[in-house]
Amino acid sequence: MITWATRINDLQALGMTYAEIAEAAGMAPSSVGDLATGRSKSPRGDSAILLHQLHATRMKATSDSPPPARRTSAAQGKAAETTGVSVL
């Protein structure tokens, strides 16, 4: 089961601050902090719906993004040039 604290931590991992999360969910930043630390167990009314939607939207956007390109070191690139074999 995903908790409100988990949702907030996920959004923070995506670079959002308590203030940004609070604004999007229609609540005070201190309330977001209370949820994140477990001091409060759930947001009230529309804030719960907005916070859930924000989390779902941001997490979907993240999963829809292509994975970052793999970088190879200079040594791996040199080995591929020399032997014709790519080392990944």
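**View 1. The buried residues of helix H1 in the predicted model.** Helix H1 spans residues 4–13. Its buried residues are Trp4, Ala5, Arg7, Ile8 and Leu11. They cover an arc of only 160° around the axis, so they sit on the same side of H1. An α-helix has 3.6 residues a turn, so residues three or four places apart point the same way. The buried residues of H1 pack against H2, H3 and H4.

View 2. Look at the backbone here.

**View 3. The buried residues of helix H2.** H2 runs over residues 18–25. Ile21, Ala22 and Ala25 are its buried residues. Seen down the helix axis, they fall within an arc of 100°, and therefore line one face of H2. Their cover includes three helices: H1 (4–13), H3 (29–37) and H4 (45–64).

**View 4. Gly26, following helix H2.** Here is another glycine to find. The phi of Gly26 is positive, near 70°.

View 5. From the N terminus, the elements run α-α-α-α-α. The chain has 88 residues, and 23% of them are buried. Take the contacts between residues at least 6 apart in sequence: 52% of these join residues at least 24 apart. The protein chain exposes about 6200 Å². Carbon and sulfur atoms supply 56% of that area.

Conventions. Residues numbered from 1 in each chain as written. Predicted model: local features only at pLDDT ≥ 70, side-chain atom pairs only at ≥ 80, totals over all residues. Heavy atoms only, no water. Buried < 20%, exposed > 50% of the residue type's maximum accessible area, 1.4 Å probe, protein only. Helix = DSSP H or I, 4+ residues; strand = E, 2+ residues; numbered from the N terminus. Arc of directions from axis to C-beta. Contact = heavy atoms within 4.5 Å. Areas by Shrake-Rupley, 256 points an atom, 1.4 Å probe, with all protein chains shown as cover.
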